[in-house]
Amino acid sequence: MLSRLFAPKVKVSAHCDLPCGVYDPAQARIEAESVKAVQEKMAGNDDPHFQARATVIKEQRAELAKHHVSVLWSDYFKPPHFEKYPELHQLVNDALKALSAAKASTDPATGQKALDYIAQIDKIFWETKKA
């Protein structure tokens with residue numbers, strides 16, 4: 001009796017956890033831009049205290065960027081997206097690997113490589129929003 005009383009009256013479905021608009025690759029891009037900017041600043045400052053602080057910030061930002069890319073992959077992109085964009089799995093993996101490399105490096109080229117992968121994910125993301 002109680003199970004029928006509390007049973008849902010209407011079935012609904014959604015493709016994301018919250019209303020659309022919550023997910024956006026811009027979050028990953030902003031963090032990756034910070035990584036690259038810190039790498040550039042590190043090249044111009046030999047102060048060991050600055051280097052230590054910059055390293056901590058760069059690594060935190062790289063982890064945040066990885067988090068945002070991972071959330072897109074696990075929560076936003078769904079099977080129809082992966083069917084339409086079969087390269088998406090590899091692209092996300094490449095972006096995560098590039099962010100790990102940027103985290104471990106002071107070379108701004110590694111930060112740029114991560115940004116390039118995020119830009120490709122961004123392009124696919126916005127194409128899926130049009131559908």
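**Exercise 1. Determine how the side chains of Lys36 and Glu40 interact, and where the two residues lie.**

Solution.
Step 1. In this predicted model, a salt bridge joins the side chains of Lys36 and Glu40, with an N to O distance of 3.9 Å. The cut-off for a salt bridge is within 4 Å, so the pair at 3.9 Å qualifies.
Step 2. Both residues belong to helix H2, where they stand 4 residues apart, about one turn of the helix.
Step 3. Glu40 has a relative accessible area of 43% and is partly exposed.

**Exercise 2. Identify the salt-bridge partner of Glu33 and describe the setting of the pair.**

Solution.
Step 1. The partner is Arg29; the closest N and O atoms of the two residues are 3.0 Å apart.
Step 2. Helix H2 comprises residues 26–43, and Glu33 and Arg29 are 4 residues apart within this helix, so about one helical turn separates them.
Step 3. Glu33 is partly exposed at 35% relative accessibility. Arg29 is likewise partly exposed, its relative accessible area being 35%.

**Exercise 3. Explain which parts of the chain are tied together by the salt bridge between Arg61 and Glu31.**

Solution.
Step 1. Arg61 and Glu31 form a salt bridge in which the closest N and O atoms are 3.7 Å apart.
Step 2. Arg61 is located in helix H3 (residues 48–76), whereas Glu31 is located in helix H2; the pair therefore ties together parts that are 30 residues apart in sequence.
Step 3. Arg61 is partly exposed, with 29% relative accessibility. For Glu31 the relative accessibility is 14%. Buried means under 20%, so Glu31 counts as buried.

**Exercise 4. Classify His68 as buried or exposed, and list the residues that it touches beyond four places away in sequence.**

Solution.
Step 1. His68 is part of helix H3.
Step 2. The relative accessible area of His68 is 17%. This value falls under the 20% limit, so His68 is buried.
Step 3. When residues up to four places away in sequence are not counted, His68 touches Gln27, Ala28 and Glu31. One of these, Glu31, is also the salt-bridge partner of Arg61.

**Exercise 5. State how many salt bridges a search of the whole structure finds, and which residues are linked in a network.**

Solution.
Step 1. The search of the whole structure finds 6 salt bridges.
Step 2. A network of salt bridges links Glu63, Lys66 and Lys103.
Step 3. Pairs treated in the exercises above include Lys36 with Glu40, Glu33 with Arg29, and Arg61 with Glu31.

Note on methods. Residues are numbered from 1 along each chain as its sequence is written. This is a predicted model: local features need pLDDT of at least 70, side-chain atom pairs count only at pLDDT 80 or more; totals for chains, interfaces and linings use all residues. Side-chain values use heavy atoms; hydrogens and water are left out. Buried means under 20% relative accessible area, exposed over 50%, partly exposed in between (1.4 Å probe, protein chains only). Contact means heavy atoms within 4.5 Å.
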